[in-house]
Amino acid sequence: MDANKRKIVVAALEAGWAFMSEMANDEDEGREATDHRKKPRSNRRKFRHGDARHCINRDYLGIRGDLATPLLGAEFKAMLGVSRSRFQVLLEDIGASEIRFYQKKKNLDVDEQASLEAKLLLPIKTLAYGVPPHTFIDYFQMSPEYARECCRQFDIAVKIIYAQEYLRLPTSDDLRSILQLHRHVHQVDGLFGSLDCSHTIWKNCPKAWAGSYTGKPGSPSIILEAVVDYHMFFWHASYGYTGNIGDLNVLAQSPLLERMVDGSFHTLENEASVVPFKIDDQEFTKSFILTDGIYPKFSRFVKGVKEPITEEEKKYTAWQEGGRKDVERAFGIANIANDPTRCCNNYWHH
């Protein structure tokens with residue numbers, strides 16, 4: 001074999017060996033890649049739910065024994081926006097419900113799962129401060145994903161438990177009770193409630209939507225229309241209108257006006273036997289609602305005199321404005337619409 005052929009053979013052998021070595025390396029790497037599944041998994045991050053439960057009892061609810069009263073007892077309502085008694089009712093109602101998220105897991109120890117108090121206090125505190133759910137995960141010992149789930153489940157639980165009671169139309173018995181209440185408080189027959197609109201500041205409104213939702217407050221907002229009685233119970237609530245439209249446009253789209261136009265509200269009045277009624281020997285066949293001056297002159301809308309001159313006009317206007325304080329008080333307590341830090345649109349889309 002001459003020298004040229006010998007070089008060709010040697011080069012071919014070297015190339016073959018290099019190829020075989022590369023294939024062997026690939027097999028070893030593939031074997032290592034599959035062998036990692038057989039290795040024991042690292043321990044998952046463990047949260048100290050027992051410590052979180054102790055902190056909640058110490059700071060908010062109180063511990064029997066060494067610490068009989070909680071650290072933040074007097075500031076409970078100021079910090080969370082709900083009273084301690086209301087939270088206790090909420091705790092009992094949701095705890096007694098059959099919602100799976102709030103049931104204790106039987107296969108886990110008590111300290112290995114978040115307490116019911118933590119699952120409720122986190123969304124309530126998130127609403128009170130107007131911040132994302134993961135803000136308080138260090139205190140309540142939760143992951144960001146579980147904190148968001150607590151907020152979603154809290155929304156679902158409130159709807160399931162309280163929607164039937166607090167998001168319903170008045171019955172004939174309710175209507176009789178409302179008119180009787182206002183007869184005692186406002187000294188007049190036929191008063192159903194007070195109507196007004198309130199803007200909820202949308203702090204986290206997307207920039208692309210800001211122009212469509214910016215109106216009267218000067219920042220993106222969502223409008224709530226409501227009819228409220230003296231006890232600040234919402235007998236009509238229509239929510240979700242863009243902030244750049246006025247109260248009249250909201251009324252035109254409101255189911256309240258639809259019920260007045262189609263006669264269903266008048267049918268309810270007849271069933272409750274609250275009409276007709278008399279005021280100063282004058283008979284009326286429809287109950288009425290107190291409104292401000294921007295609303296149209298409908299037979300059911302009673303407004304004050306814009307510029308009262310006589311003593312009767314001044315006395316009447318003072319009474320009408322005093323009666324409308326019912327809806328203003330309700331907005332101030334339930335909405336706090338002019339405070340963007342109390343807006344609930346951080347994890348719930350409107």
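Is Tyr 166 buried, partly exposed or exposed? Tyr 166 is partly exposed, at 40% relative accessible area (buried is under 20%, exposed over 50%, partly exposed in between; 1.4 Å probe, protein chains only).

The model is predicted: local features need pLDDT of at least 70, side-chain atom pairs count only at pLDDT 80 or more, and totals for chains, interfaces and linings use all residues. Residues are numbered from 1 along each chain as its sequence is written, and side-chain values use heavy atoms, without hydrogens and water.

**View A. The Tyr 162 and Tyr 166 rings form a tilted pair.** The ring centres are 6.1 Å apart, with 55° between the planes (rings of Phe, Tyr and Trp, its six-membered ring, pair if their centres lie within 6.5 Å; planes under 30 degrees apart are stacked, over 60 edge-to-face, the rest tilted). Because the two residues are four apart in helix 7, about one helical turn separates them (helices are DSSP runs of H or I, at least four residues, numbered from the N terminus). Tyr 162 counts as buried, at 17% relative accessibility.

**View B. Tyr 139 and Phe 140 pair edge-to-face.** Their centres lie 5.0 Å apart and their planes 75°. Tyr 139 is partly exposed at 21% relative accessibility, whereas Phe 140 is buried at 1%. Ring pairs link both to Tyr 60, Phe 76 and Phe 87 in a cluster.

**View C. Two lysines sit over aromatic rings.** The charged end of Lys 125 is 5.1 Å from the ring centre of Tyr 139, and that of Lys 119 is 4.8 Å from the ring centre of Phe 101 (NZ of Lys or CZ of Arg within 6 Å of the ring centre and within 35 degrees of the ring normal).
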